[in-house]
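Please keep the structure open beside the text as you read.

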There are 2 protein chains.
Amino acid sequence: MNIRLYNARILTMEHKRPAFSGEIWIKDDRIVYVGEEETLKEELEKGEMEGLHFDEEIDCDNNLLMPGFKDCHTHSAMTFLRSYADDEPLQKWLAKKVFPNEQKLNEDYIYEFTRLAVLEYLSAGITTIFDMYLMPDVTARACMDTGMRAVLTSGLNNFTSSVYQMEDEYKRWNSKEYPLISYHLGFHAEYTNSKENLYNLGHLVRNLRAPVFTHLAETEGEVDDCKKRYGMTPAMFIESMGLFAYGGGGFHCVHMSQDDMDVFKRNRLFVITNPASNMKLASGIAPIAEFVKNKIPVAIGTDGAASNNSLDMFKEMFLVSALSKIREKEADSMDAVRVLRMATVNGARALGLKRADVLAKGKYADIIMIDMKRPNMQPENNIRKNLVYAGDKSNIKMTMIAGRVLYKDGEFHIGEEPEKIYRSCNDIVKKILK
Amino acid sequence: MNIRLYNARILTMEHKRPAFSGEIWIKDDRIVYVGEEETLKEELEKGEMEGLHFDEEIDCDNNLLMPGFKDCHTHSAMTFLRSYADDEPLQKWLAKKVFPNEQKLNEDYIYEFTRLAVLEYLSAGITTIFDMYLMPDVTARACMDTGMRAVLTSGLNNFTSSVYQMEDEYKRWNSKEYPLISYHLGFHAEYTNSKENLYNLGHLVRNLRAPVFTHLAETEGEVDDCKKRYGMTPAMFIESMGLFAYGGGGFHCVHMSQDDMDVFKRNRLFVITNPASNMKLASGIAPIAEFVKNKIPVAIGTDGAASNNSLDMFKEMFLVSALSKIREKEADSMDAVRVLRMATVNGARALGLKRADVLAKGKYADIIMIDMKRPNMQPENNIRKNLVYAGDKSNIKMTMIAGRVLYKDGEFHIGEEPEKIYRSCNDIVKKILK
């Protein structure tokens, strides 16, 4: 399907390129043209677009097109615990509310709660997720069925997964057969894995030359326990096991020493920050300004709906900036332009999705339309700052992934009625949660 | 105009009353019935509703009706500086970006930017504002013309206002002639007022037996400077001037000692907290849990769009809870149910609007409809927690003030096209801001 988006303002997120008026042409799942009306004529005259017939032409009415947000850390199916397990610190929350209830999940439940999460991602302009959860095959199916782009990882741990299983998953989901899905190696955390587990994972990392992602330095207690166990911080211990030899990154990274940052620098790791979740679980405030000073790239994730409780990159963007200002006691600590890049370009890079970073010819048609005709986007003193400091889900007018319009003007186009998903999700929680 | 809202779920916000299925009847600007279908029949049989004819009957489709949010601290017309004056600490921000540009404002500009703010309040389910700004008469007119309920205060200071002017305003805007508008005494802050100003205001307080509101203990510097000037904290100094003799409250209250809290307790003052603004200006995190322990009532405000940058009580509610968890390092520090009361019931009480606190017979018909058919409100493990921890503007399906539907399904009904307001606001900023 070929689509023309015209009469738009476009923020490609290419370095230092300001927003301009123009149009975007899409052929199947790719962008074939982004530009101003004038260069468009040149392009046409060159004959490059010859024979391109549009199935749909969408008048953007002077609203803003930009790359969709990359939610680089989530547990989609945890929507089942939204507003059920609140107001507890991380370790107690995991032990009492999360792990026991997760044991009640089956494939059907995970499928349904992942679809619920996808509805929310689309309503929030999120076009790619990096999902770590039980049964990634089921998450993959739910994402493919709805049209969501997803990077998966199974989150190796002592209880529910194995390195052998991960190798299978890695090969299956990185094949060209599934263009919406890819897969990274990952383990849940240092504190949920035996040394043997991580040793075996090290073998796989070397065989596949693959990056690895994990929860890291989320709480002070986690860091202290790891030091007691291994005489090292989690980052240093994981590096010592050879797991960061091909890059990757850490989720959360709240309690990080300069040594830990040096681990990140020399292994070219990404910090994936999750500010709302870190607040809600009272884990702390990540030192984002220090990461930036150390030239450690930062991407952003929502974490799961059980600890956030929404899946909303606007909320996270505001918090990345505003928490940094509070932490550093400097109102200019973290400006909006940088944060908008973290939520888009850096996210794509962290996930290894080179075609998802900016709007340009040859890139994925993962595009969102920002409704500029909402009062919170006015006046237009600074569009990027409006997005980061004042934006919210009500500004998402359209979400397109791989050239398909999956959400527009409040309506979902995922091949299923949202109300049917809501009903079945409520039926499940009534059955499995007290 | 009489309206029937039926097929609804209703959260009246009366103490400990759970949500129930029922309907609400509205006669002119008041609620005449709230209840379940069964009691409705009894009511009808008693003949109490006799002769009530509905001009409009709205099927709420099982969505949630609740009292609108009370934004207890805002500067509406400061929308003109949204995303223009960012990333600077408070005193520098005021001196360099705010005060010089405010001098360029005239009545027409304030009217237009207040209307822009009203659009945002309505889209956010805010049914009452407490606005402190230059030219409150103009703000009053913008609110009356659009249907917004507003409590005004002129914010006495050394430069732009006088106590005499305030006495006039107080009498004018508290008359019965303007049912949407009321007025409280207020001064900008200790540090923008001479002692003489505050002495004169003290006379007026005693004459009118009126509560007083002011910016208070927003930054550490403010507290330190006041101690140098008067040997007392701002709260203690203002009390010593007799300004809190009839109650009132403080905006921000970030840096508060136990002595300051004692001032609040013995004068029955309200804390009006503004978490997003305090983050963005790097002012600090208010000790909300300590206020609650001290039984000091807390209400919530957005502050102006120049320092926030949105006017969104969902954002503030999340932050009141989540910042308290971070500050106290306890994930159970501030739960959602309490915060939802702060944003509604406590707000109405802080403003002295006894008819705006809950949904009940005789109260103002200031009602919002929450769209429960959005993915972030699902599953329904806990509706109040969903609102506070996961809600956003996209959940506002309808905003009614004084019995008038001013916003519904994304459309505004304020007697003016939003796009016309956006255009004129952009024209003004192009003229007055570089």
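In this predicted model, A:D61 has a relative accessible area of 38%, so A:D61 counts as partly exposed. Its side chain meets that of A:K373 in a salt bridge, with 3.2 Å from N to O. Because A:D61 sits in the loop between strand 4 (56–59) and strand 5 (64–67) of chain A, while A:K373 sits in the loop between strand 15 (367–370) and helix 14 (383–390) of that chain, the pair ties together parts that are 312 residues apart in sequence. A:K373 is partly exposed too, with a relative accessible area of 22%. The cut-off for buried is under 20%, so the 22% of A:K373 puts this lysine in the partly exposed class.

Is A:N63 buried or exposed? A:N63 has a relative accessible area of 1%, so it is buried. In space, A:N63 lies 8.0 Å from A:N7, C-alpha to C-alpha, although 56 residues separate the two in sequence. The loop between strand 15 and helix 14 of chain A holds A:P379. A cis peptide bond joins this proline to A:Q378, with omega at about -10°.

Now for the other salt bridges. Over all chains, the count comes to 52 salt bridges.

| Salt bridge | N to O distance |
|---|---|
| A:D61 and A:K373 | 3.2 Å |
| A:K408 and A:D409 | 3.5 Å |
| B:D357 and B:K363 | 2.9 Å |

Chain B is superposed on chain A by a rotation of 180° with 0.0 Å of shift along the axis, and the RMSD is 0.0 Å. The two copies are thus related as by a two-fold rotation axis. Which residue of chain B comes closest to the rotation axis? It is B:S394, whose C-alpha is at 2.3 Å.

In chain A, the phi of A:A217 is near 55°, a positive value in a residue other than glycine. A:A217 has its place in the loop between strand 11 (212–216) and helix 7 (220–230) of chain A. At 3% relative accessibility, A:A217 counts as buried. In chain B, B:A217 likewise has a positive phi of about 55° without being a glycine. The loop between strand 11 (212–216) and helix 7 (220–230) of chain B is where B:A217 is placed, and its relative accessibility of 2% makes it buried. Chain B also has a cis peptide bond between B:N308 and B:N309, with omega at about 5°. B:N309 belongs to the loop between strand 14 (298–300) and helix 12 (313–328) of chain B.

On the surface, A:E36, A:E37, A:E38 and A:E42 gather in a patch of negative charge. Within this group, A:E37 is part of helix 1 (residues 37–46) of chain A. A:E37 is at 48% relative accessibility and so counts as partly exposed. Over in chain B, B:E167 lies in helix 5 (residues 163–173). B:E167 is partly exposed, at 26% relative accessibility. Between B:E167 and B:L201 there are 34 residues of separation in sequence, while their C-alpha atoms are 9.4 Å apart in space.

Methods. Residues are numbered from 1 along each chain as its sequence is written. Chains are lettered from A and ligands numbered from 1 in the order in which they are written. This is a predicted model: local features need pLDDT of at least 70, side-chain atom pairs count only at pLDDT 80 or more; totals for chains, interfaces and linings use all residues. Side-chain values use heavy atoms; hydrogens and water are left out. Patches are made of residues with over 30% relative accessible area and no salt bridge: like charges are joined within 9 Å, nonpolar side chains (Val, Leu, Ile, Met, Phe, Trp, Tyr) within 5 Å. Accessible areas come from the Shrake-Rupley method with a 1.4 Å probe; for residues, only the protein chains shown count as cover. A salt bridge is a side-chain nitrogen of Lys or Arg within 4 Å of a carboxyl oxygen of Asp or Glu. Lys and Arg count as positive and Asp and Glu as negative; His and the chain ends are not counted. The place of a charge is taken as NZ of Lys, CZ of Arg, CG of Asp or CD of Glu. Helices (H or I, at least four residues) and strands (E, at least two) are DSSP runs, numbered from the N terminus. Buried means under 20% relative accessible area, exposed over 50%, partly exposed in between (1.4 Å probe, protein chains only). Copies are superposed by least squares on the C-alpha atoms of residues with pLDDT of at least 70 in both.
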